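Colleague: I am new to this structure. Please take me through the terms used for it.

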Amino acid sequence: MNTAIETKPIPAAGETALVPGAVVLDEFVKARGPWSAVVAAGDVLTIVDLEGNQAVDCLLYAAEDTSVRYSAPVTIARQQSIVLTTASVLRADTGAPLMTVVADEVGVHDTIGGACSQESNTLRYGQHTREQHACVENFLIEGSRWGLGKRDLVSNINWFMNVPVDPDGALGIVDGLSAPGKRVALRAEVDTLVLVSNCPQVNNPCNGFHPTPVRMIVTRPEAAL
C-alpha cells in the first residue's frame, strides 16, 4: 500500500498575485511568525490567506523616514469608513498616502481592533495566557531589524479580520469572512516598510483558534511581460 502523503503543487507567484507583473518577492510567513519588507513605490503587495480565517496584523512606515507611519484615525476620517477594502487609501499621520488597496477578495478588513499583546491576553483571558506569544512581541522582534522600538508601534491594520461594531459601540471579534486562498492587494504610493505579525492569537476566533501560514507576493506591474 502506498502510504506517501500527496501534496498539492504550490501555484506560481505570478499566477497568484492579484495584480500581474514581474515577481520581485515571494515569501511564506509561518503561523504565528513576523515578516517585513520594503515595497517600492508602484509595486503591489498581494497578501494570500492560504488556509482561510487568518488575521494578518500590519504596520506601515515611509521607508525613507519611519517617523511617518500609518494612522488609523487619519485613514478612517478621510475615507469616512472604519473598514478597509478596495480603493481605501492607507494614510500616514501627516495625511500622505502610503499604500492603496487596489484589489480585495474579502471586502472587509479591520483597522480599529488593535494588536494582541501579552498584557491584553492576560487582561482578557487570564493569567495563564501571559507567556503566550502575541502580535506586539512579533512587531517588536521584527521592527528591531529596522531600528524600531515600542514607541514606534501605532494602531495597526488587521487584514482578513472581522470586527463588527454593535449599536452601543462595543467591538466584537468573530469568525473571519475570508476563505482559503483569498487575497488582498496593496500598491505602494511611496517606498513603504511593511511590518507584519501573522497573528498568533488562539483565545478568540480571529484565527479560527488555529493560526496558519500566509503568503506575501510583490509584483512590479510596469515590468509585466
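Colleague: What makes Arg69 count as buried or exposed?

Modeller: Its relative accessibility does. Buried means under 20% relative accessible area, exposed over 50%, and partly exposed in between, with a 1.4 Å probe and protein chains only. Arg69 has 10% relative accessibility, so Arg69 counts as buried. Note that this is a predicted model, in which local features need pLDDT of at least 70, side-chain atom pairs count only at pLDDT 80 or more, and totals for chains, interfaces and linings use all residues. Residues are numbered from 1 along each chain as its sequence is written, and side-chain values use heavy atoms, with hydrogens and water left out.

Colleague: Where does Arg69 lie?

Modeller: Arg69 is in the loop between strand S4 (56–62) and helix H2 (72–79). Those names come from DSSP runs: helices are H or I with at least four residues, strands are E with at least two, and both are numbered from the N terminus.

Colleague: Which residues does Arg69 touch?

Modeller: Contact means heavy atoms within 4.5 Å. Residues up to four places away in sequence are not counted, and the list then includes Leu60, Tyr61, Arg91, Asp93 and Asp152.

Colleague: What joins the side chains of Arg69 and Asp152?

Modeller: A polar contact of 3.0 Å. The term covers a pair of N or O atoms within 3.5 Å; within protein, one must be able to donate a hydrogen and the other to accept it, and residues adjacent in sequence count only if both atoms are side-chain atoms.

Colleague: Now Asn207. Why is Asn207 called buried?

Modeller: Asn207 has a relative accessible area of 2%, so the label is buried. Asn207 sits in the loop between strand S11 (192–198) and S12. The Asn207 side chain reaches the backbone oxygen of Cys199 at 2.9 Å. Leaving aside neighbours within four places in sequence, the contacts of Asn207 are Asn53, Gln54, Ala55, Cys199, Pro200 and Gln201.

Colleague: How far apart are Asn207 and Asp175?

Modeller: They are 32 residues apart in sequence and 7.6 Å apart in space, C-alpha to C-alpha.

Colleague: Why is S12 called largely enclosed?

Modeller: Count the residues. Of the 7 residues of S12, 6 are buried, so the rest of the structure largely encloses this strand.

Colleague: How do you know that S1 pairs with S12?

Modeller: Two strands pair if DSSP finds at least two bridges between them. S1 and strand S12 (residues 214–220) are joined by 7 bridges and run antiparallel. Ala22 stands opposite Arg220 in S12, and Asp26 stands opposite Ile217. Strand S3 (residues 44–49) is also antiparallel to S12, with 6 bridges. There, Ile47 has Met216 as its bridge partner in S12.

Colleague: In what order do the 6 strands form the open sheet?

Modeller: The order is S1-S12-S3-S10-S7-S6, with antiparallel pairing. Strand S1 (22–29) and strand S6 (89–91) are the edge strands, as each pairs on one side only.

Colleague: What makes helix H4 mostly covered?

Modeller: In helix H4 (residues 135–143), 7 of the 9 residues are buried. Among them are Cys135, Phe139 and Gly143. Ala134 is in the loop between helix H3 (118–125) and H4. With 0% relative accessibility, Ala134 counts as buried. The C-alpha atoms of Ala134 and Pro200 are separated by 5.7 Å, though they are 66 residues apart along the chain.

Colleague: Is Gln80 buried or exposed?

Modeller: Gln80 has 68% relative accessibility, so Gln80 counts as exposed. Gln80 lies in the loop between H2 and strand S5 (83–84).

Colleague: What is the phi of Gln80?

Modeller: It is positive, about 55 degrees, although Gln80 is not a glycine. Most residues other than glycine have a negative phi. Phe160 also has a positive phi, near 75 degrees, and is a residue other than glycine.
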